[in-house]
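This report covers one protein model.

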Amino acid sequence: MRADAARSRRRILDAAREVFLERGLDAPLDLIVRRAGVGPATLYRRYPDREALVRDLTGDLLSQLEGAAKSAAAVDDDAFAAVRRFVHAAADLRMGAAILVLLEGLVVDQELVLIRTRAANTVETLIQAAHEAGQLRRDVGMGDLVLLSIRLSRPLPGGLDRLDPDGALLHRHLDLALDGLTAVPSNRPAATTGPGVPLTFAELITATDRPTAAS
């Protein structure tokens, strides 16, 4: 892909992510064109229909999620610090909220399943390292962290978005939540252990999955 084409694709996908989050999958494509600052022909030449755009955006977000997990593991030797860095990066991607929106009505083909599996395995490795280091509560699963990101990264209703124009409040709330996920020292009672069992990524996907193109 030429550099200018790659830049146009990046602008379109970033704009589509925000527009779909704000307006849903039925949002006018012309709104995405304006938000991206490209011409209509640029969008329609690359994406002949809405589903093609949604599919590329979903795969792109999953790939970025995998990259965020790899980067977090490479930067931080401390296992919990790596988890913290990953969750903040996932929130900046608006990945959690966007993925669930984009799965509506999308036929998940085998290529997307492969991308999703690769991303999930990378994140699971990050979480397992924090569990083995005794830094992350054992009753926290990948699904819990993904849903935490979803809950906190959704656009605020009404005029409340004016409280957090630059995302600083989102990251403050993420840190407050993550501080509650640190493992309880062995010399203290585990009074903060919550009810239920860890939510896995597989359970999260089963709840939202669609048939594959081959089914």
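## Terms and fold

Helices (H or I, at least four residues) and strands (E, at least two) are DSSP runs, numbered from the N terminus. The model is predicted, so local features need pLDDT of at least 70 and side-chain atom pairs count only at pLDDT 80 or more, while totals for chains, interfaces and linings use all residues. Residues are numbered from 1 along each chain as its sequence is written, and side-chain values use heavy atoms, with hydrogens and water left out.

The protein has 10 helices and 0 strands. Along the sequence the pattern reads α-α-α-α-α-α-α-α-α-α. Of its 215 residues, 43% count as buried. Buried means under 20% relative accessible area, exposed over 50%, and partly exposed in between (1.4 Å probe, protein chains only). Contact means heavy atoms within 4.5 Å. Among contacts between residues at least 6 apart in sequence, 76% join residues at least 24 apart.

The expected span of a helix is 1.5 Å times one less than its number of residues. For the 21 residues of α1 that gives 30 Å, and the end C-alpha atoms are 30 Å apart, which agrees. Helix α8 has 12 residues and reaches 16 Å from first C-alpha to last, close to the 16 Å expected.

The buried residues of α1 are A5, S8, R9, I12, L13, A15, A16, R17, E18, V19, F20 and L21. After α1 comes G24, with a positive phi near 90°. Helix α2 buries L29, L31, I32, V33 and A36. Their cover includes α1, α3 (40-46) and α4. G37 follows α2, and its phi is also positive, near 75°. In α8 the buried set is M142, G143, L145, V146, L148, S149, I150 and S153.

## The nonpolar core

In soluble globular proteins, nonpolar side chains tend to be buried together. A nonpolar core is a set of buried Ala, Val, Leu, Ile, Met, Phe, Trp, Tyr and Cys residues joined through side-chain atoms within 4.5 Å. The largest one here has 62 residues, and I12, F20, I32, L53, F86 and L102 have the most contacts inside it. Two or more residues of this core come from each of α1, α2 (29-36), α4 (50-75), α5, α6 (95-102), α7 (110-132), α8 and α9.

F86 touches L65, A68, A69, A72, V123 and L126, not counting residues up to four places away in sequence. A69 is found in α4. At 1% relative accessibility, A69 counts as buried. Beyond four places in sequence, A69 is in contact with F86, T122, V123 and L126. A69 and A82 are 13 residues apart along the chain, and their C-alpha atoms are separated by 8.0 Å.

## Buried charged residues

Which residues does R17 contact beyond its neighbours within four places in sequence? They are L57, L61, D92, L93, R94 and A98. R17 lies in α1 and is buried, with a relative accessible area of 12%. Its C-alpha is 9.0 Å from that of I32, 15 residues away along the chain. E18 is also in α1. E18 is buried at 18% relative accessible area. It touches R35 and R94, with residues up to four places away not counted.

D60 sits in α4. It is buried, with a relative accessible area of 8%. D60 touches R9, R10 and L13, not counting residues up to four places away in sequence. D60 and L112 are 52 residues apart in sequence and 9.8 Å apart in space, C-alpha to C-alpha.

## The largest pocket

Rolling a probe the size of a water molecule over the atoms shows where empty space is left. On a 1 Å grid over the protein atoms alone, a pocket is an open set of points where a 1.4 Å probe fits, with protein on both sides within 12 Å along at least five of seven lines; lining residues have an atom within 4 Å of a point. Grid points are joined across faces, edges and corners, and a volume is the space filled by probe spheres set on the points.

About 490 Å³ of space lies in the largest pocket. Of its 23 lining residues, R94, R154, L156, D164 and L170 are the closest to its centre. The elements that give two or more residues to the lining are α1 (3-23), α5 (79-93), α8 (142-153) and α9 (168-179). The largest share, 4 residues, comes from α9.

By class, the lining has 9 nonpolar, 5 polar and 9 charged residues. Here Ala, Val, Leu, Ile, Met, Phe, Trp, Tyr, Cys and Pro count as nonpolar, Asp, Glu, Lys and Arg as charged, and the others, Gly among them, as polar.
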